[in-house]
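Visitor: I have a chain on screen and a few questions about it. Could you take me through them one at a time?

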Amino acid sequence: MESPQLTAPEVALEDARRAAGNATSGARPDPEVVPTAQRRILDAADCCTQPGEIGALLRKEGIYSSQLATWRKQRAADQRAALAPQKRGRKTDPAQAEDRRVRQLTQDNERLRRRLAQANAIMTIGSSLDSWLFCQTAKPYLAIGFNQSRPEVTTL
């Protein structure tokens, strides 16, 4: 069934009814337009070449020009993202990456604790050795006798 041809005043009246929300064709569309409708509206808007065609399209669809501008920006961003080079290979799971990082840090922590314990043991042995060597080298001086008034050692 073909729709009757409307005259210019009738088209204007129908557009005014749609803009006012009194469209005869049905209920006003949802403010949240589904993505397929967005693509359809964007394609239709891209095809508009004459002055006033985009305004008529916006009134027909029941959307604002700011929505159309936002959708165009989103489409351009999506197209740029699609052209960006993609990382090849296996995609990393964030949870596995975090577990791997925790495991690596734990291993580093244990390694550094072992090195610290080893360094402490070396310093303890070194200080014990120094005190033992001091005692061994001081014994002859103590046995011989150390004169407090003169710093040099007296010999017998």
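Visitor: Which residue forms a salt bridge with Arg75?

Guide: A word on the source comes before the answer: this is a predicted model, where local features need pLDDT of at least 70, side-chain atom pairs count only at pLDDT 80 or more, and totals for chains, interfaces and linings use all residues. Residues are numbered from 1 along each chain as its sequence is written, and side-chain values use heavy atoms, with hydrogens and water left out. A salt bridge is a side-chain nitrogen of Lys or Arg within 4 Å of a carboxyl oxygen of Asp or Glu. For Arg75, the closest N and O atoms are 2.8 Å apart, and the partner is Asp46.

Visitor: Where do Arg75 and Asp46 sit in the chain?

Guide: Helices here are DSSP runs (H or I, at least four residues; strands are E, at least two), numbered from the N terminus. The pair links distant parts of the chain, 29 residues apart. Arg75 is in helix α4, and Asp46 is in helix α2.

Visitor: Is Arg75 buried or exposed, or something in between?

Guide: Buried means under 20% relative accessible area, exposed means over 50%, and partly exposed lies in between (1.4 Å probe, protein chains only). Arg75 has 26% relative accessibility. Therefore Arg75 counts as partly exposed.

Visitor: How many salt bridges does a search of the whole structure find?

Guide: Side chains of opposite charge can pair when their charged atoms come close. Another is Arg111 with Asp108, at 3.9 Å. The search of the whole structure finds four.

Visitor: Which helix holds both Arg111 and Asp108?

Guide: These two residues are three apart, about one turn of the helix. Arg111 is partly exposed at 37%, and Asp108 is partly exposed at 24%. Both lie in α5, residues 94-144.

Visitor: Why does Glu61 count as buried?

Guide: Glu61 is in helix α3, and its partner Arg40 is in helix α2, 21 residues away. Arg40 has 44% relative accessibility, so Arg40 counts as partly exposed. Glu61 counts as buried because its relative accessibility is 12%.

Visitor: Which helices do the buried residues of α3 pack against?

Guide: The buried residues of α3 are Leu57, Leu58 and Glu61. They cover an arc of only 100° around the axis, so they are on the same side of α3. That arc is taken from the directions from the helix axis to the C-beta atoms. These residues pack against α2 and α4.

Visitor: What does Leu58 touch, not counting residues up to four places away in sequence?

Guide: Contact means heavy atoms within 4.5 Å. Leu58 belongs to the largest nonpolar core. With those sequence neighbours left out, Leu58 touches Ile63, Tyr64, Ser65 and Leu68.

How values were computed: A nonpolar core is a set of buried Ala, Val, Leu, Ile, Met, Phe, Trp, Tyr and Cys residues joined through side-chain atoms within 4.5 Å.
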